[in-house]
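Welcome to this one! Here are a few notes to read alongside the picture, in the order I would look at things.

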Amino acid sequence: MPGKIMAINAGSSSLKFQLFSLPDEHVICQGLIERIGMDDAIFNLRATDVKWREILPIADCRQGAEHLLHALIEHNIIDSLDEITGVGHRVAHGGEAFADSVVITPEVLDKIEQLGALAPLHNPVNALGIRVFQHALPHARAVAVFDTAFHQTLSQTAYLYPLPWRYYEELGIRRYGFHGTSHKYVSAVCAERMGRPLEALRIVSCHLGNGSSICAIGNGQSVNTSMGFTPQAGIMMGTRSGDIDPSILPFIQQAEGKSASEINHLINNQSGLLGVSGISHDYRDVEQAAANGNPRAKVALELFAERIRAVIGSYIVQLGGIDALIFTGGIGENARTARQQICRGLVFLGIELDEEKNISNQSFIQHDSAPVQIAIVNTNEELMIARDVIRVALNLPVQPALAAQ
């Protein structure tokens, strides 16, 4: 069935979108609405012959969606909304209920809203976005694509925490993992570039950005991942501490008289690269400060790399070896210093970076004689969402992983 697929990523104050044509997966347009809920919201839209930016009041997600769909027709990107046959929605948390993307029914939407207890900042907004687009595009098939779904293949020993069993049984406290759509996409792309079946590879995927996670992938499935019950867990990030001694939290709470919400804000919004460097949550700013001689910025970069190296090492043990190391996300794809620091001294594991390839951002940056491939793969969660709409709702064959590369 010919048509167009829209991929939607609705946040609390933003709405990111891409519109694809079928079956060639060509990006017709893409854009972002920022500062939703304010009088100076920013709407950006890019297409082949259109580059549009405007500042205007957008009260809520519903108004943002209506403005977006109106702009598609106003700028002659589409002639009618009926051309959009499917809409894929990124949903942060699927809990244990969803191990794959699903067509959205009233029951599915209710469950997404119930899972808001596990992701209060994300799932309610995702559910609102779904309702808004269902109202605006009632003819289009809607699909939910869950950040957690790829990690539902984790074994009990990988996802359980050593707490009293009732906390898992009654409250659902376990490792869920996030960035699953990204890890699934880049591992498939890497395998195709290597010319080997994904199922035959042992891969460690590093999605590094303001939010960062690492995933061990074996037999094409997630075996372990660094984020846990929440996206706060795992490695150091832009403003998140990642894993720390849990007793530090009540110690600070008592010493400074902080509330539980203040402690949560501390480890989620004031820590990581920002907290250690005192400069910024943006890796580029910290890197520049370190180059200018700032000692705390230098420590922040080293700590970031060391935390990642430790997880990579543990995942290689769990996988029984490694065939490919992937860097993706804003930092993974662009920060040459980060990749160099992370790979330093790992030759004994078969991981040997070629400095010239790294500097020039080649697709594979390992030394010619190294047994482990080191890949830079630009993630494309929106394309993965669109493909899942095709696979789950429209029963069409999807294109090879490299079609959009």
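At roughly what angle do the axes of helix 6 and helix 15 cross, and within what distance do they come?

1. Before you look, please keep in mind that this is a predicted model. The axes of helix 6 and helix 15 (residues 381-394) cross at roughly 90° and come within 9 Å. Angles of 65 to 115 degrees count as roughly perpendicular, so helix 6 and helix 15 are roughly perpendicular to each other.

2. Next, see which residues meet there. Helix 6 brings Thr 181, Ser 182, Lys 184 and Tyr 185, and these meet Glu 381, Leu 383, Met 384, Arg 387 and Arg 391 of helix 15. Sorted by class, this contact has four charged, three nonpolar and two polar residues.

3. Five strands form an open sheet with mixed pairing, in the order 11-10-9-12-13. Strand 11 (221-225) and strand 13 (373-376) are its edge strands, each pairing on one side only. On average, neighbouring strands are turned by 25° against each other, direction ignored.

4. Within the sheet, strand 9 (residues 202-207) pairs with strand 12 (residues 324-328) in the parallel sense, over five bridges. Here you can find Ile 203 opposite Ala 324 of strand 12.

5. Two helices to follow onto the sheet: helix 6 (residues 180-194) touches strand 9, strand 10 (213-218), strand 12 and strand 13, and its direction makes about 125° with that of strand 12. Helix 13 (residues 336-343) packs on the sheet too, touching strand 12 and strand 13, with its direction at about 150° to that of strand 12.

Technical notes:
Residues numbered from 1 in each chain as written. Predicted model: local features only at pLDDT ≥ 70, side-chain atom pairs only at ≥ 80, totals over all residues. Heavy atoms only, no water. Pairing = 2+ DSSP bridges. Helix = DSSP H or I, 4+ residues; strand = E, 2+ residues; numbered from the N terminus. Axes fitted to C-alpha atoms, helices over the stretch in contact; angles between N-to-C directions. Contact = heavy atoms within 4.5 Å. Parallel < 35°, antiparallel > 145°, perpendicular 65-115°, else oblique. Nonpolar A, V, L, I, M, F, W, Y, C, P; charged D, E, K, R; others polar.
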